[in-house]
Amino acid sequence: MNITIRQRILLSFAVILAVMLLMGGIAIQRLLRIEADGGILQRDALPGMYAADQLQFEWAANQSLLRAHMLAADDAAMTRIEEQLRTNGATFDAELGRYEATIFTAEERKDFEALKRASALYLAALPEAIRLSRTRSDAAREFLRLRMDPAFEQANAIIVRIEDTNHSDAFAVT
């Protein structure tokens, strides 16, 4: 088969052009995937991760404040801590709302609803814990150990699971 120089040059040019088009198509496909992953990071993973971390911080702060209330030396300190507990409760509620805005999957929704139920049990018992704490009695410590600590740990385990899910989602697209 005799191929002229002109035909060889045209065939080589066509092959090079086809390879360049293929490479360009692959590059565009990868760029679109990067853009989609960036959107997931921006809308879901990073805001969810931040909100979950804030939930954890506020939840732990609430438990620390309750323990500080039980150890407070005088009524003035208890009153100050009670105000901090109210502020913390409002902040926790705000963080719940912020996290809810980042929920996009059924698994995240299920964990969120479980957290709301678990935290409601703890927060519903908080006024009784404060009342008992003001008595400075063994009943207060017993209430903390038997009722508050298990409720705290249940909600805390859910928050940790939410954090893990959001961290995994963020790392999956990076």
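Colleague: Let's start with the helices: which way does α1 pass α3, in a left-handed or a right-handed crossing?

Modeller: This is a predicted model, and in it α1 passes α3 in a left-handed crossing.

Colleague: And at what angle do α1 and α3 pack?

Modeller: The angle between α1 and α3 is about 15°, and their axes are 11 Å apart. That angle makes α1 roughly parallel to α3.

Colleague: Which residues make the contact?

Modeller: On the α1 side the contact includes Leu55, Trp59, Asn62, Leu66 and Met70, and on the α3 side the residues include Leu115, Tyr122, Leu126 and Ile130. By class, the residues in the contact of α1 with α3 divide into 10 nonpolar, 5 polar and 3 charged.

Colleague: What about α1 and α4, how do their axes cross?

Modeller: The axes of α1 and α4 come within 9 Å and cross at roughly 165°, which makes α1 roughly antiparallel to α4. The crossing in which α1 passes α4 is left-handed, and the contact of α1 with α4 has 19 nonpolar, 6 polar and 7 charged residues.

Colleague: Then there's α3 with α4. Where do their axes stand, and at what angle do they cross?

Modeller: Helix α3, which covers residues 106–135, has an axis that comes within 9 Å of the axis of α4, and the two cross at roughly 155°. That makes α3 roughly antiparallel to α4. The crossing of α3 and α4 is left-handed, and the residues of their contact divide into 20 nonpolar, 5 polar and 7 charged.

Colleague: Switching to aromatics, how many aromatic pairs are there?

Modeller: The count comes to 5 aromatic pairs. One of them is formed by Trp59 and Phe92, a tilted pair with 5.1 Å from centre to centre and 40° between the planes.

Colleague: Why would that pair tie together separate parts of the chain?

Modeller: Trp59 lies in helix α1, which spans residues 5–71, while Phe92 lies in helix α2, which spans residues 75–100, so the pair ties together parts that are 33 residues apart in sequence.

Colleague: What is Asn88 in contact with, leaving aside its neighbours in sequence?

Modeller: Once the neighbours within four places in sequence are left aside, Asn88 is in contact with Glu58, Ala61, Asn62 and Leu65.

Colleague: Moving to the loops, where is Ile103, and what does it touch?

Modeller: Ile103 sits in the loop between α2 and α3, and it is buried, with a relative accessible area of 11%. Not counting residues up to four places away in sequence, Ile103 touches Glu108, Arg109 and Phe112. Ile103 and Ala45 are 58 residues apart in sequence, and their C-alpha atoms are 9.5 Å apart in space.

Colleague: And what is the phi of Arg136?

Modeller: Arg136 has a positive phi of about 55°, although it is not a glycine. For background, most residues other than glycine have a negative phi. Arg136 has its place in the loop between α3 and α4, and at 40% relative accessibility it counts as partly exposed.

Colleague: Last one: how far is Val15 from Arg98?

Modeller: The C-alpha atoms of Val15 and Arg98 are separated by 54 Å, and the two residues are 83 residues apart along the chain. Val15 lies in helix α1, and at 47% relative accessibility Val15 counts as partly exposed.

Terms used: Residues are numbered from 1 along each chain as its sequence is written. This is a predicted model: local features need pLDDT of at least 70, side-chain atom pairs count only at pLDDT 80 or more; totals for chains, interfaces and linings use all residues. Side-chain values use heavy atoms; hydrogens and water are left out. Rings of Phe, Tyr and Trp (its six-membered ring) pair if their centres lie within 6.5 Å; planes under 30 degrees apart count as stacked, over 60 as edge-to-face and the rest as tilted. Helices (H or I, at least four residues) and strands (E, at least two) are DSSP runs, numbered from the N terminus. Contact means heavy atoms within 4.5 Å. Axes are lines fitted to C-alpha atoms, for helices over the stretch in contact, and angles run from 0 to 180 degrees between N-to-C directions. Angles under 35 degrees count as roughly parallel, over 145 as roughly antiparallel, 65 to 115 as roughly perpendicular and the rest as oblique. A crossing is left-handed if the near helix is turned anticlockwise from the far one by less than a right angle, and right-handed if clockwise. Ala, Val, Leu, Ile, Met, Phe, Trp, Tyr, Cys and Pro count as nonpolar, Asp, Glu, Lys and Arg as charged, and the others, Gly among them, as polar. Buried means under 20% relative accessible area, exposed over 50%, partly exposed in between (1.4 Å probe, protein chains only).
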